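Please open the structure in your viewer and keep the selection tool at hand.

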Amino acid sequence: MKKSFFILSLITSQFVFSQAARKYSNEFLNIGADARSFAMGNAVVANIGNANAAYWNPAGLTEVNYDWEASAMHAEYFQSIAKFDYAAVAIPLRESNSTIAFSLMRFGVDDILNTTELIDNQGNVNYDRISKFSTADYALTMSYAGNVFNNKYIQFGANAKVIYRHIGKFAQGFGFGIDLGIQYRTEDKMFFGVMARDITTTFNAWSINKQKVKEIVIDEPQNDGEPTILNDLPAENIELTMPKIQFGMGKRFDFNDRLSLLGEVDLSVEFQQTNAAISGKGFSISPQVGAELNYDEMIFVRGGLNNLQKIEQFNGKQQTQIQPNIGVGFKYKGISIDYALTNFGNSGIGLYSNIFSVRFEMDKWR
């Protein structure tokens, strides 16, 4: 009997239930984007106003109203085993006072060794029979943002997400989802925002290549001649992602012509029970706090708190933990370079990572 436990665990983890809402469905979409937001504890849904708003709150894209902007980020998980890439571009439509944006996200593990054919039927080891494959998740997002009823203080935005996920040649999934966002900005520099993710209950339709799986599984056949595990895998599976809502409120304080402080408090609401400190049957609420000290729109110092969770200890008792984040940024002639020291992806118990991102504003070069 020969099995590739790693490959099969990847496959079977996606197909435990048919057409079910899963707690960690499309989890790569929750990682986030841009070092500035990570440093502020993800508390940016009300104040975000650049190309990265395509992820955090598409309503903020209306702040890109002169010329196009582009942003990019690269980060790595698990000692560089998994890689995460994000890129976005925002293009203002001046005639209609609106903005469109496109963003692409990829989370993947490449060059996974497939050793299922290392030993042939005669028991001989042949390293030339080792092959490689990748498992990756992709999301292409198209965004639109504009003013509500020509009111310059209220902006709205929407995302349409197309998702593609694959596990080598063994399984692949396609999905689609919608996000909606709104922001309200006052003249005294108060910010309010709401971001509703996956309001359509984003889905992935998975399919398994049973022939490819059969090539890596040798087991005692059943009456129909197929290994047990192949009979347990459905030909197609619908995986649902439940909606999430993030509320934000922020304020900017100007101390003088050069020095200012921006602060924001957010609440993230999920319609399922998690390890969040505020949680019950069918819901959970996670607070997030972030601040940014700004000197002359050139130098930025940031900090934030998020990921407030109840963690069960080895003795069975629960302990409340919170995640601190810090970061800095530098901006010159429309080029922003940001850094964050954060627990990347809000994993709660993972190691802290160094995250860098870059953003380019074309209007500063005109």
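**First stop: the second largest pocket**

Begin by selecting Asn-47, Gly-49, Asn-50, Glu-63 and Arg-185, which lie nearest the centre of the second largest pocket, among the 48 residues that line it. The model on the screen is a predicted one. The volume of this pocket is about 1,200 Å³. Which classes of residue make up its lining? The lining of the second largest pocket holds 20 charged, 16 polar and twelve nonpolar residues.

**Second stop: the whole chain**

Five helices and 20 strands can be traced in the chain. Of its 366 residues, 46% count as buried. Among the contacts in the chain with a separation of 6 or more, 58% are between residues 24 or more positions apart.

How many cavities of 30 Å³ or more does a search of the whole structure find? The search finds one. To locate the cavity, select Leu-29, Tyr-55, Met-105, Thr-141 and Lys-161, which are the closest to its centre of the 14 residues that line it.

By class, the lining of the largest cavity comprises six nonpolar, four polar and four charged residues.

Nonpolar side chains tend to be buried together in soluble globular proteins. In the present model, the largest nonpolar core has 40 residues. Select Phe-28, Tyr-86 and Met-105, the members that touch the most other members of this core. At least two residues of the core come from each of helix 2, helix 3, strand 3 (69-77), strand 4 (82-93), strand 5 and strand 6.

Keep Met-105 selected, as this residue is also one of those closest to the centre of the largest cavity. What does Met-105 touch, leaving aside residues up to four places away in sequence? Its partners include Phe-28, Leu-29, Tyr-55, Phe-84 and Tyr-86, together with Asp-85, Asp-137, Tyr-138 and Ala-139.

The structure holds eight aromatic pairs. Select Trp-68 and Phe-360 and view their rings. The ring centres of Trp-68 and Phe-360 are 5.7 Å apart and the planes stand at 45 degrees, so the pair is tilted. Trp-68 is in the loop between helix 3 and strand 3, whereas Phe-360 is in strand 20 (residues 353-361), so this pair ties together parts that are 292 residues apart in sequence. Trp-68 counts as partly exposed, at 32% relative accessibility, and Phe-360 also counts as partly exposed, at 25%.

Tyr-164 belongs to strand 7 and Phe-174 to strand 8 (residues 171-185), so the pair ties together parts that are ten residues apart in sequence. Tyr-164 is partly exposed, with a relative accessible area of 27%, and Phe-174 counts as partly exposed at 45%.

Remain in strand 8, where Ala-171 is placed. Is Ala-171 buried or exposed? Ala-171 counts as buried because its relative accessibility is 4%, and buried means under 20%. Select Lys-210 as well: the C-alpha atoms of Ala-171 and Lys-210 are separated by 8.6 Å, and the two residues are 39 residues apart along the chain.

Most residues other than glycine have a negative phi. Select Asp-34, where phi is positive, near 80 degrees. Asp-34 is in the loop between strand 2 (20-21) and helix 2 (35-39), and it counts as buried at 3% relative accessibility.

Finally, select Asp-296, which has a positive phi of about 60 degrees although it is not a glycine. Asp-296 is in the loop between strand 16 (283-295) and strand 17 (299-312). At 33% relative accessibility, Asp-296 counts as partly exposed.

Methods
Residues numbered from 1 in each chain as written. Predicted model: local features only at pLDDT ≥ 70, side-chain atom pairs only at ≥ 80, totals over all residues. Heavy atoms only, no water. 1 Å grid on protein atoms, 1.4 Å probe; cavity = no way out; pocket = protein on both sides within 12 Å on 5 of 7 lines; lining within 4 Å. Points joined across faces, edges and corners; volume = space filled by probe spheres on them. Nonpolar A, V, L, I, M, F, W, Y, C, P; charged D, E, K, R; others polar. Helix = DSSP H or I, 4+ residues; strand = E, 2+ residues; numbered from the N terminus. Buried < 20%, exposed > 50% of the residue type's maximum accessible area, 1.4 Å probe, protein only. Core = buried A, V, L, I, M, F, W, Y, C linked by side-chain atoms within 4.5 Å. Contact = heavy atoms within 4.5 Å. Phe/Tyr/Trp six-rings, centres within 6.5 Å; stacked < 30°, edge-to-face > 60°.
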